[in-house]
Amino acid sequence: MEEINQDIFNLFDKQPSPSRGTVVVAKPTVEDLCFKRSVIVMVDHDNEKGSMGVIVNKFTGFTLHDLLPDMENAEEIPLFLGGPVNPEMMFFLHTLGSDVIPDSIQIAHGLYFGGQYDMMKKYVASGEPVAGRVKFILGYSGWGKDQLAGEITRHDWAVLKQADRGMLMDEADDQLWRNAVSQFGDKYRMWLNWPRDVINN
């Protein structure tokens with residue numbers, strides 16, 4: 001199996017260095033349950049200080065109402081799992097900008113992270129649209145010094161310098177992973193053909 005993985009999945013493409021706003025996409029043979037077929041938006045990256053990102057395609061099975069039952073209009077808003085670090089903490093990725101959510105950090109063109117919680121709560125309670133504009137995320141993915149660079153070197157991740165904002169915000173689960181892989185081109189088609197559950201194939 002390792003020989004097959006080397007031939008098919010380790011394409012030896014020179015990957016761009018990740019940075020704030022880039023997207024890292026898991027190789028299909030990554031078996032860690034949290035990171036399997038995951039798509040991660042990088043919030044910050046520094047080889048010396050470490051890196052932080054959030055998975056954007058993993059549903060927790062819970063809604064924002066489950067976490068915050070007093071928040072109005074939260075019943076149908078899904079919660080995503082951002083990673084294994086501090087899953088009790090909630091973050092939000094959004095397209096609303098700092099004019100709507102002050103103190104937001106712009107991580108890519110039209111894509112923002114965090115900001116004032118009270119203003120986001122007010123936005124949701126007012127009934128403004130959330131789908132495609134905000135993803136509420138529990139926990140995050142973190143890497144220590146040089147850790148992410150090492151994982152990229154051994155081909156656990158492929159790096160998208162520019163990913164479609166609409167894709168990241170509108171889609172989820174395996175479809176988002178597949179669409180992200182498709183952006184790498186035909187050379188990565190074998191990734192798409194690899195079954196999600198090898199044991200059952």
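Guide: Helices and strands here are runs assigned by DSSP, numbered from the N terminus: a helix is a run of H or I with at least four residues, and a strand is a run of E with at least two. The model is predicted, so local features need pLDDT of at least 70 and side-chain atom pairs count only at pLDDT 80 or more, while totals for chains, interfaces and linings use all residues. Residues are numbered from 1 along each chain as its sequence is written, and side-chain values use heavy atoms, with hydrogens and water left out.

The part to look at is strand β1, which runs over residues 23–26. In a regular strand, side chains alternate between the two faces of the sheet. In β1, V23 and V25 lie on one side and V24 and A26 on the other, and all of them are buried. Buried means under 20% relative accessible area, exposed means over 50%, and partly exposed is in between, using a 1.4 Å probe and protein chains only. Both faces of β1 are therefore covered.

Next come the strands beside β1. Two strands are said to pair if DSSP finds at least two bridges between them. Strand β2, residues 39–46, pairs with β1 in the antiparallel sense over three bridges.

The loop between β1 and β2 contains R37. R37 is not a glycine, yet its phi is positive, at about 50°. R37 counts as buried, because its relative accessibility is 3%.

A salt bridge is a side-chain nitrogen of Lys or Arg within 4 Å of a carboxyl oxygen of Asp or Glu. D44 and R20 form such a bridge, at 3.1 Å from N to O. D44 is in strand β2 and R20 is in the loop between α1 (2–8) and β1, so the pair links distant parts of the chain, 24 residues apart. D44 is partly exposed because its relative accessibility is 37%, and R20 is partly exposed too, at 38%.

For context, a search of the whole structure finds six salt bridges. Another is made by the side chains of R154 and D156, at 2.6 Å from N to O. D156 has a relative accessible area of 14%, so D156 is buried. In a further salt bridge, between D186 and R189, the closest N and O atoms are 2.8 Å apart. D186 counts as exposed, at 60% relative accessibility, whereas R189 is partly exposed, with a relative accessible area of 47%.

N73, in the loop between α2 (64–67) and β5 (78–81), is not a glycine either, and its phi is near 65°. N73 is partly exposed, with a relative accessible area of 40%, whereas R37 is buried at 3%.
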